[in-house]
Amino acid sequence: MFKKIIEQIEKYDSIVIFGHVNPDGDCYGAQVGLREIIKALYPEKKVYLAGTGCPRFFKILPKTDLIRDDVIESSLAILVDANDLSRMEDSRIRNAKAWCKIDHHIDTGSFVEGPQVVDINANSACDILTRMAIECNINISPTGATALYLGILTDSARFQFVTDYVSTFKRSEYLARCGADIKTLNVLLAKTNENSLAAKGYILTHYKKSEEGVIYIVYTKETLRNLHLSTNDASNMINLLGNVEGYPIWCSFAEYSDGKVRVEIRSNGPIIQPCAARIGGGGHAQASGAQLEKLDYKVIDDVIEDLNNTLREWRKS
């Protein structure tokens, strides 16, 4: 499965691993985990991590790197947890010498730059990379095991969204045996602050809902400023709405300081990825996102109606 990726890696002495915009646990975990896999196979290679990573985990996992332009220009670029160069947080990926991709999102066919491994049935990019470590017959470092477990844990919403529990738990066992710091990860993920508590209160008192069964929340930049909450942190609380019974689709619209809007859409049944794609986004069948150019309530109403139609069709099937 990974032969062409391995062959591409073997050609280059310098490798830069890129993550997507608004990196999450799976993106950052995949970057760190892949670096540890490459270093185990080829200790002499230089491997760098681009982007900002996830600072909340820097207590137990490495920070990303400051990378010079000339290093990127002479390196193989590997994009993880995203389907296209345009989704990368560091746009300098386009300046790399060559590319390859490892991802689990619905493939748009837009990546044509090099070899790729795409498995849309995988729960996370880290799940795919754990398979790579096992197939390469290496005992990944405790750092790599912790990073890969982070991605599996967070992208499955702590094993809520898993298609194959037996395989997922077998791979998790492998990571545990390699020294994944599961206890510390759980402690870090459980921690909250007073700003988050206030935001949860806001969500539970200001959500909106459609008669068809879509529940959603809109955050203006003024609201987020008053809550002392970042756009990304607010968007990452999306699954709080998923706990409300009777609403198979839930979503959030959060405005950035520059006026653009991050959209997150989730489902426990209907396939909502096409709805995200229609507003320029994408992702998984039941977990997708997009970005709007501005906070336009007419556009938000149109998105909700599109999701209503999705629910109607789903109930007919």
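Residues T146, Y149, L150, L153 and T154 of helix α5 meet I182, L185, N186 and L189 of helix α7, where contact denotes heavy atoms within 4.5 Å. By class, this contact of α5 with α7 comprises six nonpolar, three polar and no charged residues; Ala, Val, Leu, Ile, Met, Phe, Trp, Tyr, Cys and Pro count as nonpolar, Asp, Glu, Lys and Arg as charged, and the others, Gly among them, as polar. The model is predicted, with local features requiring pLDDT of at least 70 and side-chain atom pairs counted only at pLDDT 80 or more, whereas totals for chains, interfaces and linings use all residues. Residues are numbered from 1 along each chain as its sequence is written, and side-chain values use heavy atoms, with hydrogens and water left out.

The axes of α5 and α7 come within 10 Å and cross at roughly 45°. The two helices are therefore oblique to each other, and α5 passes α7 in a right-handed crossing. Angles under 35 degrees count as roughly parallel, over 145 as roughly antiparallel, 65 to 115 as roughly perpendicular and the rest as oblique. A crossing is right-handed if the near helix is turned clockwise from the far one by less than a right angle, and left-handed if anticlockwise.

Helix α5 spans residues 142-155 and reaches 20 Å from its first C-alpha to its last, close to the 20 Å expected at 1.5 Å a residue. Among the buried residues of α5 are G144, A147, Y149 and I152. The buried residues of α5 pack against α2 (25-41), α4 (125-135), α6 (165-177) and α7 (182-190). Just after α5, A157 takes a positive phi of about 50°.

Two of these partners of α5, α2 and α4, also pack against each other at an angle of about 15°, with their axes 9 Å apart. Helices α2 and α4 are therefore roughly parallel to each other, and their crossing is left-handed. In this contact, D26, G29, A30, L34 and I37 of α2 meet A125, C126, L129, M132 and A133 of α4. These residues divide into eight nonpolar, one polar and one charged.

K63 lies in the loop between β2 (46-49) and α3 (69-73). At 58% relative accessibility, K63 counts as exposed. Leaving aside neighbours within four places in sequence, K63 is in contact with L49 and F58.

How values were computed: Helices (H or I, at least four residues) and strands (E, at least two) are DSSP runs, numbered from the N terminus. The expected span of a helix is 1.5 Å times one less than its number of residues. Buried means under 20% relative accessible area, exposed over 50%, partly exposed in between (1.4 Å probe, protein chains only). Axes are lines fitted to C-alpha atoms, for helices over the stretch in contact, and angles run from 0 to 180 degrees between N-to-C directions.
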